[in-house]
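Open the model in your viewer and keep the selection tool at hand. This tour goes stop by stop, saying what to select and what is there.

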Amino acid sequence: MNPKKIVDNVYWVGAIDWDRRLFDQLIPLPQGTSYNSYLIQGSDKTVLIDTVDPAMTDLLLGYLKHLDVTSIDYVVTNHAEQDHSGSLPQVLAMYPNAQVICTTKCKPMLADLLLIPEGRIRTVEDGETLSLGDKTLQFIYSPWVHWPETMVTYLKEDGILFSCDFFGSHIASSDLFVENEAEVYQAAKRYFAEIMMPFRAPIQKNMSKIQDLAITMIAPSHGQVYGNPEFILEAYRDWVYGEPKNLVVIPYVSMHGSTKRMVEYFVGALMDRGVKVQQFDLVGADLGEMSSALVDAATVVVGTPTVLVGAHPLALYAAHLVNALRPKAKYVSVIGSHGWASKAVEQVSGILSNLNAEMLEPVIIKGFPKEADFAALDRLADQIAEGGRS
Ligand code: FEO
């Protein structure tokens, strides 16, 4: 495959990882991903924006050879994580005069993670510009998208924002530019949920910092290039600033059917009240889908049986994930069953300590649900429906 031209003298030279199915041995990648690197050939200077995952370095180096790139002056490293910085050692070896450009926080991270010699790294200040001759780069610190050292790089003359993980999506595609916005919306939302959602406050500041730039394209380092940047900017505004919707996310597990029957009844009760619901059977659930649902959810209800007097480990894992992702949910609760005693509520509520959410009256019952238990679930559904109307 050849490099792909984005505009005159700006090329995509990345790697498409069609078959990868896990990131960080944790995050499901149902559509694979890409590691986008970009080459900018100014009249005086040549710059590479980010590199690729180390496993795919050969692809990047092959593109550079294909374009007859005999000299690289700078390798802009927007982010130190190895899926973007991991090919730096080979690139720097191939181009011995190249200097890495990064934030002050990124420099020691590159030394720690990749053993890059300090003498090869030049740090830039927030807002600093760099002339490439007929093109100009501006470096804009954008901390916590999603590490402390992250920045974005703006190519002024072409209006391209190289945003690295910010605005990215895990999607492998033969399309250079976004063509199917509905598909990319779902992938970008899932990516936001898994990677960016815990950092909504810093993202608000970063969105403010770029709002006055004349952006004609956003070129992230995962997924496709946004030729219509307003599409993803508007989506981020909703995910970051928008109020949660009256959606209930129910991660649950059931051993002998009692908790499952409670979930079935409860979901029906919510639907009868006009409340949207997404339930996830934690045995085999795609936790990326659950994370995506959490972006909008006003309420999270964990359904769990009791094992050794506590919540089921799958329910505890889901609660831990919800807590780590810090969704904007306003309400949480627990429903489930036990045989003789349960500390499930204390355990789950203890785990959800990051959430600024009210605990609605849990429904923990003994054995299989009976009329009084269904009535308690109805009351919980009433509360949630009322919350959604307030
Ligand atoms: Fe795609 Fe944070 O690396």
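At what angle do helix 5 and helix 9 pack, and how far apart are their axes? Keep in mind that this is a predicted model.

**Stop 1: two packed helices**

Select residues 181–196 for helix 5 and residues 287–294 for helix 9. The two pack at an angle of about 90°, and their axes are 8 Å apart. Angles of 65 to 115 degrees count as roughly perpendicular, so helix 5 is roughly perpendicular to helix 9.

Now show the side chains of the contact. From helix 5, pick Lys189, Arg190, Ala193 and Glu194. From helix 9, pick Gly288, Glu289, Ser291 and Ser292. Colour them by class: one is nonpolar, three are polar and four are charged.

**Stop 2**

Helix 5 and helix 9 are the elements that give two or more residues to the lining of the second largest pocket. This pocket holds about 210 Å³ of space. Its lining has 13 residues. Select Gln186, Arg190, Glu289, Ser292 and Ala293, which lie nearest the centre. By class, the lining has four nonpolar, five polar and four charged residues.

**Stop 3**

Keep Arg190 selected. Arg190 takes part in the helix contact, and it also lines the second largest cavity. The volume here is about 40 Å³. Three of the lining residues are nonpolar, two are polar and two are charged.

**Stop 4: the largest cavity**

How many cavities of 30 Å³ or more does the structure hold? There are two. The largest has a volume of about 80 Å³. To find it, select Lys4, Trp12, Ile16, Ser34, Asn36 and Ile171, which are among its lining residues. The lining divides into five nonpolar, five polar and two charged residues.

**Stop 5**

Switch to a cartoon view. Seven strands form an open sheet in the order 1-2-7-8-9-10-11, and the pairing is mixed. Look for the edges: strand 1 (4–7) and strand 11 (121–123) each pair on one side only. From one strand to the next, the twist averages 25°.

Zoom in on strand 1 and strand 2 (residues 10–12). They run antiparallel and are joined by three bridges. Val7 has Val10, in strand 2, as its bridge partner.

Next, select residues 106–114. This is helix 4, which packs on the sheet and touches strand 10 (99–102) and strand 11. The direction of helix 4 makes about 130° with that of strand 10.

**Stop 6**

What is the order of the strands in the open sheet of five? It is 12-13-14-15-16, with mixed pairing. Strand 12 (129–131) and strand 16 (217–220) are the edge strands, each pairing on one side only. Neighbouring strands are turned by 20° against each other on average, direction ignored.

Now focus on strand 12 and strand 13 (residues 136–141). Three bridges pair them in the antiparallel sense. Click Thr129: opposite it, in strand 13, stands Gln138.

**Stop 7: two backbone details**

Follow the chain into the loop between strand 13 and strand 14 (151–155), where His146 is found. The peptide bond that joins Val145 and His146 is cis, with omega of about 15°.

Then jump to Gln25. It lies in the loop between strand 4 (22–23) and strand 5 (27–28). Gln25 is not a glycine, yet its phi is positive, at about 50°.

**Stop 8: the largest pocket**

Which residues lie nearest the centre of the largest pocket? Select Met255, Thr306, Ser337, His338 and Gly339. They belong to a lining of 17 residues. The volume of the largest pocket is about 240 Å³. Helix 8 (258–272), strand 20 (306–307) and strand 22 (331–338) are the elements that give two or more residues to the lining. Colour the lining by class to finish: seven residues are nonpolar, ten are polar and none is charged.

Definitions and conventions. Residues numbered from 1 in each chain as written. Predicted model: local features only at pLDDT ≥ 70, side-chain atom pairs only at ≥ 80, totals over all residues. Heavy atoms only, no water. Pairing = 2+ DSSP bridges. Helix = DSSP H or I, 4+ residues; strand = E, 2+ residues; numbered from the N terminus. Axes fitted to C-alpha atoms, helices over the stretch in contact; angles between N-to-C directions. Parallel < 35°, antiparallel > 145°, perpendicular 65-115°, else oblique. Contact = heavy atoms within 4.5 Å. Nonpolar A, V, L, I, M, F, W, Y, C, P; charged D, E, K, R; others polar. 1 Å grid on protein atoms, 1.4 Å probe; cavity = no way out; pocket = protein on both sides within 12 Å on 5 of 7 lines; lining within 4 Å. Points joined across faces, edges and corners; volume = space filled by probe spheres on them.
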